[in-house]
Amino acid sequence: MELPALVICTRDRRATLLATLPRVLEHADRAPVLVVDDGSVDGTPAAVAAQFPALAVLSLTRSRGGAARNVGVWAAGTELVAFSDDDSWWAPGALERAAEVFAQRPRLGLLAARVLVGPARQLDPVCAAIERASGLTVMGFLACGAVVRRDAFLEVGGFERRYGIGGEEQRLVLDLLTAGHETAYDPLVVAHHHPPPGARPGREATMLRNDLWTAWTRRPWRAALSE
C-alpha cells in the first residue's frame, strides 16, 4: 500500500506554519504533502509558495474550520490520508507503520496516533485516556494525529463544517462506526504536537457546544439527555 498523503490545515498562523514545515518535510516518509489554507488573511499561501515552491497549496476563500481538511482529502486522491496541524508533524516511520496497519485491516476507517506534546514529549491526555481504556475501538482521537481511509472518510461526509475547530473528532468517529468501519489506536504510530503557549479564546465554549451537539444528534436519547 502506498504511503498516506499528508494534509496540513492552517489559518492565519504563517510564522508557526513556516517553522513547522521543515520538520514535516524531514519526516514525511516520502509522502505527498498538501497544505490547505483555511481563508488566511496574513499572507500564508504566498509565504509558503515562496519558501516551499514544490508544495501544493489549496487556498480557501472562506473559512471552513475543521472541515477544511475535507478539501485536502478530496484533492489528495490517495487511498490513505494523514492529518497534521500547522504546529504538528509525524515521527520518522510513523506513516509507513500506519500504511502497514491499514493493509492488515481492510475495514479500518481511522487510525489514531500516539501524540506527544511539546519538547518534553508528554503524552496528550486524549491518548492517555485511550491507552487506559485499552479497547479495540477508539471513540475519540486528535485530528493532528490521525490517518483515515479516504473512501470511508468521504462516505460519512468528513468533518462537519458547522463545528468549526474544537471537538469535531467525536462525531466523525461515531459516523464511521455507524457506517460499519473500524477505528483503532496504535502507540507505534507517533505524532509530535508543539502548540504555541497561551489560551485560545472561545475554544472551550466551542468544544462544549460541539460535544453536546454530537451527543444530541448521534447518541441514543437517554445518553444524550444525561450529557
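A quick definition before the points: residues "meet", or are in contact, when they have heavy atoms within 4.5 Å.

1. Ground rules. This is a predicted model, where local features need pLDDT of at least 70, side-chain atom pairs count only at pLDDT 80 or more, and totals for chains, interfaces and linings use all residues. Numbering starts from 1 along each chain as its sequence is written, and side-chain values use heavy atoms, with hydrogens and water left out.

2. Helix 7 on helix 8. Helices here are DSSP runs (H or I, at least four residues), strands likewise (E, at least two), numbered from the N terminus. The axes of helix 7 (residues 169-178) and helix 8 (residues 203-218) cross at roughly 20° and come within 9 Å; axes are lines fitted to C-alpha atoms, for helices over the stretch in contact, with angles from 0 to 180 degrees between N-to-C directions. Helix 7 and helix 8 are therefore roughly parallel to each other (angles under 35 degrees; over 145 is roughly antiparallel, 65 to 115 roughly perpendicular, the rest oblique). The crossing of helix 7 past helix 8 is right-handed, that is, the near helix is turned clockwise from the far one by less than a right angle.

3. Who touches whom there. Q170, R171, L174 and D175 in helix 7 meet D211, T214, T217 and R218 in helix 8. By class, the residues of this contact are 1 nonpolar, 3 polar and 4 charged (nonpolar: Ala, Val, Leu, Ile, Met, Phe, Trp, Tyr, Cys and Pro; charged: Asp, Glu, Lys and Arg; polar: the others, Gly among them).

4. Helix 1 on helix 2. The axes of helix 1 (residues 14-26) and helix 2 (residues 44-51) come within 10 Å, crossing at roughly 25°. That makes helix 1 roughly parallel to helix 2, and the crossing is right-handed. From helix 1, R14, L17, L18 and L21 meet T44, A47, V48 and Q51 in helix 2; this contact has 5 nonpolar, 2 polar and 1 charged residues.

5. The largest pocket has a volume of about 980 Å³. Its lining counts 36 residues, and the closest to the centre are D85, I165, E169, R200 and R203. Strand 1 (5-10), helix 3 (68-76), helix 5 (125-133), helix 7 and helix 8 each give two or more residues to the lining, with the largest share, 3 residues, coming from helix 8. The lining divides into 14 nonpolar, 9 polar and 13 charged residues.

6. Pocket terms. On a 1 Å grid over the protein atoms alone, a pocket is an open set of points where a 1.4 Å probe fits, with protein on both sides within 12 Å along at least five of seven lines, and lining residues have an atom within 4 Å of a point. The volume is the space filled by probe spheres set on the points.
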